[in-house]
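Please work through each task with the sequence and structure at hand before reading its solution.

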Amino acid sequence: MSKIQDALKKLQSAKSGAGGRGEEDRIRTVEQVGAIVEIGTDPNSFAGMSDRFVAVDRDSLRMAGLLAPEAQQTEIGNQYRLIKRPLLNLARGKGAHVSADSNLIVVASALSGDGKTFTAINLALSIALEKDNNVLLVDADVPKRHISSVFGLKGERGLIDLLKNKSLGPQDVIMETDVPGLRILPAGEPDEFATELLASQRMRTVARKLSDDDPNRIIIFDSPPLLATSEAPVLASLMGQIVIVIKANHTPQRAVIEAYEKLEREKAINIVLNQAGGGLTYGYYGYYGNPGTYPNDNS
Amino acid sequence: MNQVIEEFVTVLHGAWRFRWMAFLVSVLICVVGWVVVFGLVDRYRSNATVFVDTNSSLRPLLDDLTVAPDVMRQVDLVRQALGGRPQLERVARETGLYLRAGTTIETERLLARMNNDVSITTNPRRERNLFEISFIDQDPKMAQTVVQTLLNLFVEDSLGANKQGTQQAQKFLRDQLALLESELIKSEQELANFKKANVGRMPGETGSYFDRLQSEMTALENIEGDMRLAEKRKAALQDQLAGENTSLDGNAALQTEVDVQIAENRRRLADLQLRFTDMHPDVIALKSTIEQLEEQKKNELTQLSQSGVAGMVSDNPVFQSIQIELSKVNVEIATLSEKRSTSIRKIGELRGLIDILPEIEAELTRLTRDYDVKHSQYQALLQRLEVAELSESAEENENIRFKIIDPPSLPDKPSEPNRRLLLAIILLVGLGGGGAFSILANQLKPVFSDIRQTRRVLGLPVLGSVSVMETRERKIRRAGQISSFVFGISTLFVLFVVLVLFEDAGTEFIQRIFSGIRGI
């Protein structure tokens, strides 16, 4: 509990200290962020799923650069609204690539720093707003564990434990949040065989179980970079949909193409262009009639 | 248009990533370029203007008579020729430029450089007779000297070149003339030989041939006519002979003269013998006469018998006289026959000759024409030679006068290089090079800038794009990037300005370094 107290203290000091806008606007790398979120138990746990609870602190997320600053909230929120739509459509059984695993979505990228975690979190938050769906955000980026850190879940049991210990079930590791519709599955205890575990049959079984448990559930996996690790493509092969995040004006084309070649072609692969800005007609273009919105549109 | 701007902005964004490397490239280009510019040696240009006066008083007189040397063309030729190697070598020697070059390679380079730096031009828009001669060199004095030397050469050669030209032309003519002469003599000889060989058969004389033929043919006709007559007579006589028998008693239709004389003389004798005795002198004389006549008759008879007349020797005086006549006719026929064959032969010869007469005529014509042609050629050439000689002497009198309008100048300021301009150009090149570099780098390592491009490159659906989060920190960082880069660029400009201001000091400094390096 001391850890929790520390976290609370930090949070309070951060909140009170956050006078000038400078504090708020400071972008820090995810590594620098410690446990800034409350951890507790929720007496009103959902449908017997879990009794573990996490409170999502948007301000902290913003400070960590994982949520849009308030001025751009609406703008970016709308962008994610557009982005999530085809994913949801496919998950619900509309479109060409429909498969049983269509509700398993991995957010990947070619290299690190392209904005995977950012995209995963925001996508999850956006989908959580859906009336008909709920979201499970899985931190499968076992080496780095961004999401687990950011939500202060580093020490908690998670995916790795689930894979190692056959006696555990999803409900034992999934954490509820104070955002309705959003649940989080942390990375879990570090293990030197994490790669092999992710590539194991057990992972397949777990993924299938998560998928089948609730047809309205959308499971979003945060994955390691496709080019840096060998388990990322393996993970991707278990998924129904793949989202590759590209950082505009930064990620080299070669890298993305290489990463793409590691994936199975039959998968529903989509792109999200992160940190794209500028362009005289950008706003227009990005909002209206974006032909890339639907997975079936290859024009 | 918007699309173009968008793409342009995209490229800029991409190139921006490489801005510092591009800056390095720019700096490198600028520094190297500027050092080189300062290392360039000052050169001075010396100019001279010359007026070529080709109006002389002789010209209008000579225009018709002689080959008026086209003065302007020869000046043009000289202008080309002056840039030729032998002339440049002369100039290099006389002006002392040769001293600058040591090895053969250096000499070559020197001459090549001279070839480039010497300029002899006319301004076509102005007076066609105005020539500008200039040379550029590190040493202003040398430049002037070179131009002066060129000027002198120009004058000399213009006069000399033509003279040499006419002399060469004359030599050529003379050679041709000698050749033609020998040919002409040969031709003459041939003609003479031919004429000699065909004397009497020449076209002018062949009229006689035809006459001769004609007369021969007429003569032949006559001969044949005579022969016919003689044949007739012969036939008649033979008839008579056949009719007459060999005895005395027979009618003597025809009597020869001798027989008549004999008969007369016998009658006279008979008369005399009535009055006188045989001792009378007249009787004796007459008797001897009769003897002589009988002798003559006997001779004729023997002649006849010898000449093959039917061996009829008889003492019938008529018969005998007929025989005599017959033999005469035979002789005549033989003679005529002889004449006839001669005549026929002659006619044959003449005809033969006449056949080849056209050939002879043709050959004569050919030889004559040949000779005539050569002769006229010879004459023409001879005339040209005379004309050339005449014009040469005319030229020596004709003054191609040169007037120096502007003497070779001694330049006090270098005409090249224009350092300021070059420095500016280097700056632009440097900036351009850096820009090009960054764009190239962007092309080589491309990124994704917008949805359209992403979709195009990957062929995958793009769900959407998320805007950059404009936090203050980001803005500050951005501003910092831009300002530092702008600062870098502006230092380059400042450096440029400094260099322009301290052009001379810079030049001196760099050149001293260069000569120091060369000295090592």
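**Exercise 1.** Classify Lys346(B) by its relative accessibility, then describe its salt bridge.

*Solution.* Step 1: in this predicted model, Lys346(B) has 41% relative accessibility and therefore counts as partly exposed; buried means under 20% relative accessible area, exposed over 50%, and partly exposed in between (1.4 Å probe, protein chains only). Residues are numbered from 1 along each chain as its sequence is written, chains are lettered from A and ligands numbered from 1 in the order in which they are written, and side-chain values use heavy atoms, with hydrogens and water left out. Local features need pLDDT of at least 70 and side-chain atom pairs count only at pLDDT 80 or more, while totals for chains, interfaces and linings use all residues.

Step 1: a salt bridge requires a side-chain nitrogen of Lys or Arg within 4 Å of a carboxyl oxygen of Asp or Glu. Lys346(B) meets this rule with Glu216(B), their closest N and O atoms being 4.0 Å apart.

Step 2: Lys346(B) belongs to helix H11 (residues 317–397) of chain B and Glu216(B) to helix H8 (residues 206–243) of chain B, so the pair ties together parts 130 residues apart in sequence. Helices are DSSP runs (H or I, at least four residues), as are strands (E, at least two), numbered from the N terminus. Glu216(B) is buried, at a relative accessible area of 17%.

**Exercise 2.** Which parts of chain A does the salt bridge of Lys84(A) and Glu130(A) link?

*Solution.* Step 1: the two side chains meet at 2.8 Å, N to O. Step 2: Lys84(A) lies in helix H4 of chain A, and Glu130(A) in the loop between H5 and strand S4 (134–139) of chain A, 46 residues apart. Step 3: Lys84(A) is buried at 3% relative accessibility, and Glu130(A) is buried at 13% relative accessible area.

**Exercise 3.** Is the aromatic pair of Phe23(B) and Phe485(B) stacked or edge-to-face?

*Solution.* Step 1: rings of Phe, Tyr and Trp (its six-membered ring) pair if their centres lie within 6.5 Å; planes under 30 degrees apart are stacked, over 60 edge-to-face, and the rest tilted. Step 2: the ring centres of Phe23(B) and Phe485(B) are 6.4 Å apart and the planes stand at 70°, so the pair is edge-to-face. Step 3: Phe23(B) is in helix H2 (residues 19–39) of chain B and Phe485(B) in helix H14 (residues 472–501) of chain B, 462 residues apart.
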